[in-house]
Amino acid sequence: MGKKVLVVSSTLRNGGNSLALAEAFASGVRESGNDVEFVSLKNKDIRFCTGCLTCQKTHKCPIPDDVSKIIDLMRVSDVLAFATPVYFYGISGQLKTFLDRTNPIFSSKYNFRDIYLLGAAADADEGAIDGAITALNGWISCFNGTKLKGVVCGAGATDVGEISADKLKEAMDMGKSV
Ligand SMILES: Cc1cc2nc3c(=O)[nH]c(=O)nc-3n(C[C@H](O)[C@H](O)[C@H](O)COP(=O)(O)O)c2cc1C
(Lines give C-alpha, C1' and ligand atoms only; values in the text may rest on other atoms or scores of the structure.)
Protein backbone atom coordinates (compact mmCIF):
# COMPACT_ATOMS: atom_id res chain seq x y z
CA MET A 1 0.00 0.00 0.00
CA GLY A 2 1.22 3.51 -0.80
CA LYS A 3 2.07 6.19 1.70
CA LYS A 4 -0.49 8.83 2.61
CA VAL A 5 0.99 12.26 2.00
CA LEU A 6 -0.62 15.52 3.10
CA VAL A 7 0.53 18.75 1.47
CA VAL A 8 -0.45 21.97 3.27
CA SER A 9 -0.08 25.19 1.30
CA SER A 10 -0.22 28.42 3.28
CA THR A 11 0.13 31.25 0.80
CA LEU A 12 -2.93 33.43 0.35
CA ARG A 13 -1.66 34.68 -3.00
CA ASN A 14 -3.32 33.36 -6.15
CA GLY A 15 -0.75 31.41 -8.15
CA GLY A 16 1.81 31.88 -5.37
CA ASN A 17 5.36 30.61 -5.78
CA SER A 18 5.17 28.38 -2.71
CA LEU A 19 1.82 27.08 -3.99
CA ALA A 20 3.55 26.13 -7.25
CA LEU A 21 6.22 24.26 -5.24
CA ALA A 22 3.49 22.51 -3.25
CA GLU A 23 1.67 21.48 -6.43
CA ALA A 24 4.90 20.21 -8.01
CA PHE A 25 5.66 18.19 -4.87
CA ALA A 26 2.11 16.78 -4.89
CA SER A 27 2.32 15.76 -8.53
CA GLY A 28 5.62 14.00 -7.81
CA VAL A 29 3.93 12.08 -4.99
CA ARG A 30 1.09 11.09 -7.34
CA GLU A 31 3.55 9.95 -10.02
CA SER A 32 5.32 7.74 -7.52
CA GLY A 33 2.03 5.94 -6.84
CA ASN A 34 1.52 7.27 -3.32
CA ASP A 35 -1.69 8.95 -2.14
CA VAL A 36 -1.75 12.71 -1.80
CA GLU A 37 -4.20 15.05 -0.10
CA PHE A 38 -3.78 18.75 -0.82
CA VAL A 39 -5.02 21.40 1.59
CA SER A 40 -4.71 25.13 1.10
CA LEU A 41 -5.11 27.40 4.11
CA LYS A 42 -6.41 30.13 1.77
CA ASN A 43 -10.09 30.88 2.41
CA LYS A 44 -10.12 28.67 5.50
CA ASP A 45 -11.37 29.87 8.86
CA ILE A 46 -8.29 29.37 11.06
CA ARG A 47 -8.38 31.24 14.36
CA PHE A 48 -5.57 31.76 16.84
CA CYS A 49 -4.86 29.21 19.55
CA THR A 50 -6.07 30.72 22.83
CA GLY A 51 -3.76 28.55 24.95
CA CYS A 52 -6.60 27.01 26.99
CA LEU A 53 -4.93 23.55 26.82
CA THR A 54 -8.33 21.81 26.81
CA CYS A 55 -6.92 19.74 23.94
CA GLN A 56 -4.43 18.04 26.24
CA LYS A 57 -7.31 16.34 28.04
CA THR A 58 -9.85 15.92 25.24
CA HIS A 59 -7.53 15.67 22.18
CA LYS A 60 -9.91 18.16 20.59
CA CYS A 61 -9.88 21.91 20.16
CA PRO A 62 -13.03 23.73 21.32
CA ILE A 63 -12.68 26.40 18.63
CA PRO A 64 -15.31 25.59 15.97
CA ASP A 65 -13.49 26.47 12.74
CA ASP A 66 -11.87 24.66 9.79
CA VAL A 67 -8.85 23.31 11.68
CA SER A 68 -10.26 20.08 13.10
CA LYS A 69 -10.86 18.57 9.64
CA ILE A 70 -7.28 19.31 8.60
CA ILE A 71 -5.94 17.89 11.85
CA ASP A 72 -7.87 14.67 11.24
CA LEU A 73 -6.16 14.40 7.85
CA MET A 74 -2.77 15.08 9.46
CA ARG A 75 -3.16 12.33 12.06
CA VAL A 76 -3.66 9.62 9.45
CA SER A 77 -0.95 10.83 7.06
CA ASP A 78 2.49 9.18 6.94
CA VAL A 79 4.20 12.21 5.42
CA LEU A 80 3.53 15.95 5.74
CA ALA A 81 4.74 18.75 3.49
CA PHE A 82 4.30 22.39 4.49
CA ALA A 83 4.60 25.14 1.91
CA THR A 84 5.09 28.75 2.92
CA PRO A 85 6.12 32.11 1.59
CA VAL A 86 9.11 33.42 3.55
CA TYR A 87 7.85 36.42 5.50
CA PHE A 88 10.45 38.41 7.44
CA TYR A 89 12.79 35.42 7.24
CA GLY A 90 10.33 33.16 8.97
CA ILE A 91 7.22 31.19 8.06
CA SER A 92 3.97 32.91 7.13
CA GLY A 93 1.66 33.96 9.95
CA GLN A 94 -1.06 31.74 8.55
CA LEU A 95 1.18 28.64 8.74
CA LYS A 96 2.31 29.53 12.26
CA THR A 97 -1.31 30.07 13.33
CA PHE A 98 -2.23 26.71 11.86
CA LEU A 99 0.72 24.88 13.47
CA ASP A 100 -0.20 26.33 16.87
CA ARG A 101 -3.64 24.83 16.44
CA THR A 102 -2.20 21.32 15.93
CA ASN A 103 -1.66 21.10 19.69
CA PRO A 104 -4.52 18.52 20.01
CA ILE A 105 -2.28 16.07 18.10
CA PHE A 106 0.54 16.54 20.63
CA SER A 107 -1.17 14.34 23.21
CA SER A 108 -2.64 11.81 20.79
CA LYS A 109 -1.70 9.18 18.25
CA TYR A 110 -0.40 10.24 14.86
CA ASN A 111 1.16 8.39 11.95
CA PHE A 112 3.35 11.06 10.37
CA ARG A 113 7.13 10.68 10.50
CA ASP A 114 8.75 12.49 7.56
CA ILE A 115 8.20 16.22 7.21
CA TYR A 116 9.07 18.40 4.21
CA LEU A 117 9.33 22.18 3.91
CA LEU A 118 8.77 24.08 0.67
CA GLY A 119 9.44 27.81 0.83
CA ALA A 120 9.47 30.72 -1.61
CA ALA A 121 11.52 33.85 -0.99
CA ALA A 122 12.43 36.99 -2.87
CA ASP A 123 16.02 36.80 -1.63
CA ALA A 124 18.32 35.01 -4.07
CA ASP A 125 20.29 33.47 -1.18
CA GLU A 126 19.03 30.02 -0.19
CA GLY A 127 19.77 30.93 3.43
CA ALA A 128 16.52 32.92 3.22
CA ILE A 129 14.74 29.72 4.30
CA ASP A 130 16.79 29.21 7.48
CA GLY A 131 14.35 30.99 9.78
CA ALA A 132 11.49 28.91 8.37
CA ILE A 133 13.53 25.74 8.99
CA THR A 134 14.09 26.83 12.59
CA ALA A 135 10.38 27.52 13.05
CA LEU A 136 9.33 24.17 11.60
CA ASN A 137 12.02 22.31 13.53
CA GLY A 138 10.53 23.77 16.72
CA TRP A 139 7.25 22.10 15.82
CA ILE A 140 8.96 18.86 14.73
CA SER A 141 10.92 18.63 18.00
CA CYS A 142 7.60 18.33 19.86
CA PHE A 143 6.48 15.24 17.92
CA ASN A 144 8.49 12.13 18.78
CA GLY A 145 9.65 10.11 15.79
CA THR A 146 9.29 12.93 13.27
CA LYS A 147 12.07 14.55 11.31
CA LEU A 148 12.67 17.19 8.67
CA LYS A 149 13.37 15.01 5.65
CA GLY A 150 13.75 17.61 2.92
CA VAL A 151 13.66 21.32 2.16
CA VAL A 152 13.22 23.19 -1.09
CA CYS A 153 14.07 26.87 -0.99
CA GLY A 154 12.52 28.65 -3.94
CA ALA A 155 14.93 31.57 -3.66
CA GLY A 156 14.88 34.59 -5.93
CA ALA A 157 11.10 34.52 -6.50
CA THR A 158 9.27 37.77 -5.78
CA ASP A 159 6.30 38.07 -8.11
CA VAL A 160 3.82 35.36 -9.01
CA GLY A 161 5.34 32.98 -11.56
CA GLU A 162 8.95 33.84 -10.75
CA ILE A 163 9.67 30.46 -9.18
CA SER A 164 12.27 28.76 -11.36
CA ALA A 165 11.71 25.60 -13.36
CA ASP A 166 14.71 24.08 -11.56
CA LYS A 167 13.06 24.59 -8.18
CA LEU A 168 9.78 23.17 -9.39
CA LYS A 169 11.65 20.11 -10.62
CA GLU A 170 13.45 19.82 -7.28
CA ALA A 171 10.08 19.87 -5.49
CA MET A 172 8.60 17.32 -7.90
CA ASP A 173 11.59 14.98 -7.51
CA MET A 174 11.33 15.30 -3.73
CA GLY A 175 7.64 14.39 -3.98
CA LYS A 176 8.55 11.32 -6.06
CA SER A 177 11.03 10.19 -3.42
CA VAL A 178 8.81 10.27 -0.32
C1 LIG B 1 4.90 40.46 4.30
C2 LIG B 1 5.99 39.93 3.42
C3 LIG B 1 7.22 39.71 3.96
C4 LIG B 1 8.24 39.18 3.17
N5 LIG B 1 9.46 38.94 3.73
C6 LIG B 1 10.43 38.40 2.99
C7 LIG B 1 11.70 38.11 3.57
O8 LIG B 1 11.94 38.33 4.75
N9 LIG B 1 12.67 37.58 2.77
C10 LIG B 1 12.46 37.31 1.44
O11 LIG B 1 13.37 36.81 0.78
N12 LIG B 1 11.25 37.56 0.87
C13 LIG B 1 10.24 38.10 1.61
N14 LIG B 1 9.01 38.35 1.03
C15 LIG B 1 8.79 37.99 -0.38
C16 LIG B 1 8.07 36.65 -0.53
O17 LIG B 1 8.70 35.64 0.22
C18 LIG B 1 8.05 36.23 -2.01
O19 LIG B 1 7.31 37.17 -2.74
C20 LIG B 1 7.49 34.84 -2.23
O21 LIG B 1 7.57 34.50 -3.61
C22 LIG B 1 6.05 34.75 -1.77
O23 LIG B 1 5.58 33.44 -1.90
P24 LIG B 1 4.08 33.13 -2.40
O25 LIG B 1 4.01 33.60 -3.84
O26 LIG B 1 3.95 31.66 -2.26
O27 LIG B 1 3.15 33.88 -1.51
C28 LIG B 1 7.99 38.90 1.80
C29 LIG B 1 6.72 39.14 1.26
C30 LIG B 1 5.73 39.65 2.05
C31 LIG B 1 4.37 39.90 1.46
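1. Partly exposed here refers to a relative accessible area between the buried limit, under 20%, and the exposed limit, over 50%. The model is predicted. By that scale Asp72, at 44% relative accessibility, is partly exposed.

2. Asp72 pairs with Arg75 in a salt bridge, with an N to O distance of 3.4 Å. Both residues belong to helix H3 (residues 67-75), where a spacing of three residues puts them about one helical turn apart. Arg75 has a relative accessible area of 17% and is therefore buried, the cut-off being under 20%.

3. A salt bridge also joins the side chains of Glu126 and Lys167, at 2.6 Å from N to O. Glu126 sits in the loop between strand S4 (114-120) and helix H6 (130-140), and Lys167 in helix H7 (residues 165-176), so this pair ties together parts 41 residues apart in sequence. Glu126 is partly exposed at 42% relative accessibility, whereas Lys167 is buried at 11%.

4. Helix H7 also holds Lys176 and Asp173, which are three residues apart, about one turn of the helix. Their salt bridge has its closest N and O atoms 3.9 Å apart; the distance counts because the limit is within 4 Å. Lys176 is partly exposed, with a relative accessible area of 37%, and Asp173 is partly exposed at 31%.

5. Asp173 and Lys176 are also members of a salt-bridge network that includes Glu31 and Lys169.

6. On the total: the structure contains eleven salt bridges, among them the Arg75 to Asp72 pair and the Glu126 to Lys167 pair.

Key. Residues are numbered from 1 along each chain as its sequence is written. This is a predicted model: local features need pLDDT of at least 70, side-chain atom pairs count only at pLDDT 80 or more; totals for chains, interfaces and linings use all residues. Side-chain values use heavy atoms; hydrogens and water are left out. Helices (H or I, at least four residues) and strands (E, at least two) are DSSP runs, numbered from the N terminus. Buried means under 20% relative accessible area, exposed over 50%, partly exposed in between (1.4 Å probe, protein chains only).
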